Amino acid sequence: MCQLLGMNCNTPTDIVFSFEGFRHRAGLTDCHSDGFGIAFFEGKGVRVFRDNKPGHSSPIADCVKQYNIKSLNVIAHIRKATQGDVNIENTHPFMREIWGENWVFAHNGNLVNLPVTETIFYQPIGTTDSETAFCYLLEQLKTRFKHKPSEEEIFEAIQQISNDLARYGTLNFMLSNGEWMIVRCSTNLHYITRQAPFGKAQRVDDGGVIDFNDYTKEGDKVTIITTVPLTKDEVWTKMDNGGFVFFKNGDKVWEVLGTPNTAPIDDGTLGKAGIA
């Protein structure tokens, strides 16, 4: 299966340090080499970079590092294909419009025998279970709410719809409209919130070190969410299996607990040494 990386913060921030470690898992420290993608929200717009080549060697991934884009919400994905060919249309993250907003979605898992979507408005372009699930989720939301509801209503509805989808298999996902990020854990997702006093961190995958004091200011708050922790000297929180978190401005606004499991679950995402 795949791995996920997300960022939600209260001031525009670049994700280069985390992304550089993450992309090592796309063919170097792990086998998630069937394409990568990353989406950066900029106001109501979204910059999306995708390639069906391995993230560790993709020139497009190199461009992401060089651009050094700052954003409040970022979603990235490295793919190990389970359903659908290795091509651009099957590469996450996926984006659709709802209520005049761009919504971005990325999934890790495997969903089998999903409800048929042939007669609904939102149609998958590719052949993945992930995009089909995203289309189904949006269709259900559009049916329930003719106009954009409150954030709390959105969070509650997404819980109900995605719990129904989870009956078909494994459903770890990240979803954002550029203002907030909703995360669901089925097996493995971890997060960390960095705020003052900032310190140093060392990446798991290549040993890269950063001192966040050199890049931050008082009041900054940055939350990173990923399948498996990216650093070895920080305390990451493992989400409950079946749990949801709603992040906004780097804060955990709401959390719905599932079944606690402190040890990583071997769902095919953990890699050679259980670290990637």
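**Entry 1: helix H4**

I began with helix H4, where Ile 154, Phe 155, Ala 157, Ile 158, Gln 159, Ile 161, Ser 162 and Leu 165 are buried (buried is under 20% relative accessible area, exposed over 50%, partly exposed in between, with a 1.4 Å probe and protein chains only). A note to myself before going on: this is a predicted model, where local features need pLDDT of at least 70, side-chain atom pairs count only at pLDDT 80 or more, and totals for chains, interfaces and linings use all residues. Residues are numbered from 1 along each chain as its sequence is written, and side-chain values use heavy atoms, with hydrogens and water left out.

What do the buried residues of H4 pack against? I found E6, H3, E7, E8, E14 and E15 (contact means heavy atoms within 4.5 Å). The element names are DSSP runs numbered from the N terminus, with helices being H or I of at least four residues and strands E of at least two.

I also checked the length of H4. Its 15 residues, at 1.5 Å a residue, should span 21 Å, and the end C-alpha atoms are 21 Å apart, which agrees. The expected span is 1.5 Å times one less than the number of residues.

**Entry 2**

Next I looked at the open sheet of six strands, which has the order E5-E6-E7-E8-E14-E15 and antiparallel pairing (two strands pair if DSSP finds at least two bridges between them). Strand E5 (94-98) and strand E15 (251-256) stand at the edges with a single partner strand each, so one side of each has no neighbour in the sheet. On average, neighbouring strands of this sheet are turned by 20° against each other, direction ignored. Axes here are lines fitted to C-alpha atoms, for helices over the stretch in contact, and angles run from 0 to 180 degrees between N-to-C directions.

Met 174 stands opposite Val 183 in E8.

Two helices lie across this sheet. H4 (residues 151-165) lies across E6, E7, E8, E14 and E15, at about 150° to E14. H3 (residues 129-144) lies across E5, E6 and E7, at about 10° to E5.

**Entry 3: helix against helix**

How do H3 and H4 cross? Their axes come within 10 Å and cross at roughly 140°. That makes H3 oblique to H4; the scheme is that angles under 35 degrees are roughly parallel, over 145 roughly antiparallel, 65 to 115 roughly perpendicular and the rest oblique. The crossing is right-handed. A crossing is right-handed if the near helix is turned clockwise from the far one by less than a right angle, and left-handed if anticlockwise. Among the residues of H3 that meet H4 I noted Tyr 136, Leu 137 and Leu 141.

I then turned to H1 (residues 16-24) and H2 (residues 59-67), whose axes come within 10 Å and cross at roughly 160°. That makes H1 roughly antiparallel to H2. The contact uses Val 16, Phe 19, Glu 20 and Arg 23 of H1 with Ala 61, Asp 62, Val 64 and Lys 65 of H2. H1 passes H2 in a left-handed crossing.

**Entry 4: strand E12**

I looked up E12 (residues 221-226) and found six of its six residues buried. Lys 221, Thr 223 and Ile 225 are on one side, and Val 222, Ile 224 and Thr 226 on the other. Five bridges join E1 (residues 3-13) to E12, antiparallel, with Cys 9 opposite Val 222. Six bridges join E9 (residues 190-195) to E12, also antiparallel, with Ile 192 opposite Ile 224.

**Entry 5: single residues**

Is Ile 75 buried or exposed? Ile 75 is buried, with a relative accessible area of 1%, and sits in strand E4 (residues 71-78). Leaving out residues up to four places away in sequence, its contacts include Leu 5, Val 104, Met 174 and Pro 93.

Pro 93 lies in the loop between E4 and E5. Another cis peptide bond joins Ala 196 and Pro 197, with omega about -5°; Pro 197 lies in the loop between E9 and E10.

Last, I noted positive phi values. Asn 68 has phi of about 55° although it is not a glycine, and is partly exposed at 34%. Trp 99 has phi near 55°, lies in the loop between E5 and E6, and is buried at 16%.
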